[in-house]
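Please keep the sequence and the model in view while reading.

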Amino acid sequence: MPNPPRNQKFLHIENVYKQYGERVVLDNIDLSVAKGELCTVVGPSGCGKSTLLRLVLGQERATSGEVLIDGVTVGFPDVTRGIVYQKYSLFPHLSALDNVLLGRSFEQGLFSLGRARRQHRDEAMHLLERARIAEHCDKLPHELSGGMQQRVAIAQALITRPRIVLMDEPFGALDAGVREDMQLLLLELWEEYGMTVFFVTHDLEEAIYLGTRIIVLSQYYTDDRGDAGPRRGAKIVYDKSLPRRAHATAVKASGEFIDLVRELRQAGFDPAYLRHVREFNLSHPDSFQTLTPDEYRRGQ
Amino acid sequence: MSFRVPSLFGLHAAPSPWLRRALAALPFVLIVAVYLIASNARLAENPNDKLLPSLAQMVETVQQYAFTEDKRTGEYIMLSDTLSSLRRLAIGVGLAATVGLLLGMNMGLFPGMSATLLTIVTFISIIPPLAILPILFVTFGVDELAKVMLIFLGLTPLITRDIHNSVKKMPAEQITKALTLGASQLQIVYRVMLPQIFPRLIDAIRLALGAAWLFLIAAEAIASDSGLGYRIFLVRRYLAMDVIIPYVLWITLLGFSIDWLLKQWVAWRYSWYHR
């Protein structure tokens, strides 16, 4: 049966499976993300959201299916995709400034003109200023707090102007207050640089607060293959565009926000609440779903 | 009511800094005391006894070896022995460190390299270097080369394996991260890995130095015309304990100082290491 035509966006993932031995982690993932989107991916632990990110990054390969960026299959990690991890983003032997400069110094080789070098330094300093960490530019990572390190890590990822910035629970290890500061910073930079961001988190509130689009990845669903088992992995069970709100974190206390959190918690995090694949809330305009005959037996 | 913290005995003991120093010195004092008593007793029985020379005898010998020009050669014997030993040690350890670093780093990063080399390096590291000493003397002659080669062959597999393991333990995220910043494979090796693995190399050298001294003394004992090991085994024929004991202490002091200097270097130059 020919698949229905679909609009291929900037990042396009289709029929993607990932399994480790017998265990299926990602089960027929379809996802298309437009340029400029701040797409957050949330889900219960072990649902494979970081695995999905690593597939886009090229750190791992899908067992089957396609992962495309701008219509080209992604290869090993390269300069087109930036990454911010929860830790290990910074190189411990380099100062904050040198960490940010890396992206420029790799491309220029050993012998570069002093002028280019000064230009790059200015660029890196500017990014550090935008990340509000410039006064610590000479410190080594271990001399910085967790939040400061992530500020540097974001600046470091942005200097190469990647086409998509991947973030794997970047604020997961930070205290609540610092975490909110960082969320504001990310929104600011996202607006200023018009970045496309693929943001993985286990924190529902963070995902709703940051995203222009939220995707819930979950293993809690049902389809025509019967009950869940090791041969069945997580799917995108929820895909919705979010209104771009003002940055104020006060919005997290609004009734609308709290209702959405409740709805998503049920959709993705409740092992007892199983929706059928045909009944997922995939209301985002770029959303699409290719089901196999096994998953959905038409006319039965 | 407060409780008393014992100063010496038990799990909860918290010796004061002065007590700690005194305790650390205690074994040394005991050994020296036992030696002096035994030496005195033997010398009282036979003033010509050579086995346990008195302190005065040893001081006199050191005076002659370390601070008096040799009548025949015009050199200070202990100084020239030390210099030729340290030279062999430095060349051997330096070569082993360079080769071990390059091999270990490339094996740790490139699966093709480790698939090819890991088994043979592990195999070679198990050969007792002293067992092939005769082969080295036959192959490289009895001059400097054979001694340096013994240290080199003994240490390279150790250092290679150590570096290989440390590179393997580096988080894979770092390499991915560097790739996303546009690093080439060569830049990953020499700009990302090398500076981070360097303090680890110094640690590996510190551990390997004990073995290096062993190989050096053994090689010098068998065929040489200078060096600390050579001297010890030369005067052994005359049962000259008054030379051997100061030489052994001197070697120990040298080894201890080198180890301390390397440790300080890491602490000073690589403050991010050990975090």
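A residue is called buried if 20 or more other C-beta atoms lie within 10 Å of its own, exposed if 12 or fewer, and partly exposed in between. The model to which this is applied here is a predicted one. A:R132 has 14 C-beta neighbours inside 10 Å and therefore counts as partly exposed. This residue is found in the loop between α3 (114–130) and α4 (146–158) of chain A.

A:D70 belongs to the loop between β4 and β5 (72–73) of chain A. How exposed is A:D70? Because 14 C-beta neighbours lie inside 10 Å, A:D70 counts as partly exposed.

Strand β1 (residues 11–20) and strand β4 (residues 64–69) of chain A pair in the antiparallel sense over 5 bridges. Within the strand β4(A), A:L68 stands opposite A:H12. β1(A) also pairs with strand β2 (residues 23–33) of chain A, in the antiparallel sense and over 7 bridges. There, A:Q19 has A:V24 in β2(A) as its bridge partner. β1(A) and β2(A) form a hairpin with 2 residues between them, and A:G21 in the turn has a positive phi of about 65 degrees.

These strands may now be placed in the chain as a whole. Chain A has 7 helices and 13 strands. The radius of gyration of chain A is 20 Å, close to the 19 Å that the globule rule gives for 300 residues, so chain A is as compact as a globular protein of that length. Along the principal axes, the C-alpha atoms of chain A fill a box of roughly 70 × 45 × 35 Å. Of the 300 residues in chain A, 42% are buried. Among contacts in this chain between residues at least 6 apart in sequence, 75% join residues at least 24 apart.

How is chain A divided into domains? The assignment gives domain 1, made of 20–80 + 162–290, and domain 2, made of 92–161. The centres of domain 1 and domain 2 of chain A, taken over C-alpha atoms, are separated by 29 Å. To the contact between them, domain 1 of chain A contributes 13 residues and domain 2 of chain A contributes 11 residues. On the side of domain 1 of chain A that touches domain 2 of chain A, helix α5 (residues 176–193) of chain A supplies the largest share, 6 residues. The residues of that side of domain 1 of chain A comprise 12 nonpolar, no polar and 1 charged.

Chain B has a domain division as well, into domain 1 (1–52) and domain 2 (77–269). Between the centres of domain 1 and domain 2 of chain B, taken over C-alpha atoms, there are 34 Å.

The two chains also touch each other. The contact takes 23 residues from chain A and 17 residues from chain B. Which elements give two or more residues to the side of chain B that touches chain A? They are α7 (172–180) and α8 of chain B. With 6 residues, α7(B) gives the most to this side of chain B. The residues of the side of chain B that touches chain A divide into 7 nonpolar, 7 polar and 3 charged.

The helix α7(B) deserves a separate look. Its buried residues are B:T176, B:K177, B:A178, B:L179 and B:T180. What covers the buried residues of α7(B) includes α1 (49–57) and β6 (81–84) of chain A, together with α8 of chain B. After α7(B) comes B:G182, whose phi is positive, near 95 degrees.

Technical notes
Residues numbered from 1 in each chain as written. Chains lettered and ligands numbered in written order. Predicted model: local features only at pLDDT ≥ 70, side-chain atom pairs only at ≥ 80, totals over all residues. Domains from an automatic or database assignment. Contact = placed C-beta atoms within 7 Å. Helix = DSSP H or I, 4+ residues; strand = E, 2+ residues; numbered from the N terminus. Nonpolar A, V, L, I, M, F, W, Y, C, P; charged D, E, K, R; others polar. Pairing = 2+ DSSP bridges. Rg over C-alpha atoms; globule rule 2.2 N^0.38 Å.
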